[in-house]
Amino acid sequence: MTSLTLPIRTGRLLLRPHREADAGHLHRIYSRPDVAVYLLDEPWLEETAREKVSERITKTDLDGKSGALAFVIEYEQAVIGDVVLWFTDRERRVAEIGWVLDPQHGGRGLATEAVRAVLDLAFDHYRVHRVTAQMDERNAASAKLAARAGMQHEAHLRQDWWSKGEWTDTVIYGMLASDRA
Ligand SMILES: CC(C)(COP(=O)(O)OP(=O)(O)OC[C@H]1O[C@@H](n2cnc3c(N)ncnc32)[C@H](O)[C@@H]1OP(=O)(O)O)[C@@H](O)C(=O)NCCC(=O)NCCS
């Protein structure tokens, strides 16, 4: 396998590893109730942002110790979101992906562009067998993004997750290496 060259550039974006200084930028995004509503986390506090960023700084190689790759999404030199890819089964090369975008930059395909780039990396560089994305069934924007990025709707789990005081349904999207052949 060739070594991974970071950052990744797409048509409009720069995807780069996290730095401590990102805590403030990500706090601005993740502290918004409209961003956190379907996430497992409550809106982030400043301290939460610092802790999360410290963890994510170590996630720079899917095949490294962390088994994960966490990117900050930069658009015109501003942090506008993140994409994280992590192994759920390292031995069998099965991974999961998650994403968040600042709503101020929504509706222009920027999240889709970032997710496509990370899926390309997962399959073309890391030779992953399968990538999944899970979301609250009410999170229509996230489901549309998964479909736009080429993932297939695979499952709808009824009331499988207790989240923020209620049972919620989970939708699962997946992509196989063989889907891309
Ligand atoms: C999920 C989330 C990233 C989706 O954001 P988004 O703005 O809808 O996604 P994109 O940036 O890819 O933009 C897609 C929209 O831009 C439009 N668009 C415009 N130009 C486009 C282009 N060049 N390429 C693709 N789409 C384009 C699409 O048609 C789509 O609009 P639509 O939803 O009205 O059909 C965002 O809602 C979010 O961060 N939510 C909070 C966090 C969250 O829930 N994360 C997921 C947890 S599972």
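Let us begin with helix α3, whose buried residues are Ala49, Val53 and Arg56; buried means under 20% relative accessible area, with a 1.4 Å probe and protein chains only. These residues cover an arc of only 65° around the axis, so they lie on the same side of α3; the arc is taken from the directions from the helix axis to the C-beta atoms. In general, an α-helix has 3.6 residues a turn, so residues three or four places apart point the same way.

This is a predicted model, in which local features need pLDDT of at least 70 and side-chain atom pairs pLDDT 80 or more, while totals for chains, interfaces and linings use all residues. Residues are numbered from 1 along each chain as its sequence is written, and side-chain values use heavy atoms, without hydrogens and water.

Against what do the buried residues of α3 pack? They pack against α1 (22-30), β4 (68-75) and β5 (78-89), where contact means heavy atoms within 4.5 Å. Helices (H or I, at least four residues) and strands (E, at least two) are DSSP runs, numbered from the N terminus.

Strand β4 holds Glu74, which is buried, with a relative accessible area of 12%. The Glu74 side chain makes a polar contact with that of Arg16 at 2.6 Å; such a contact is a pair of N or O atoms within 3.5 Å, one able to donate a hydrogen and the other to accept it, and residues adjacent in sequence count only if both atoms are side-chain atoms.

Finally, the hairpin of β8 and β9 has two residues between the strands, and Lys164 there takes a positive phi near 50°.

How values were computed. Pairing = 2+ DSSP bridges. Buried < 20%, exposed > 50% of the residue type's maximum accessible area, 1.4 Å probe, protein only.
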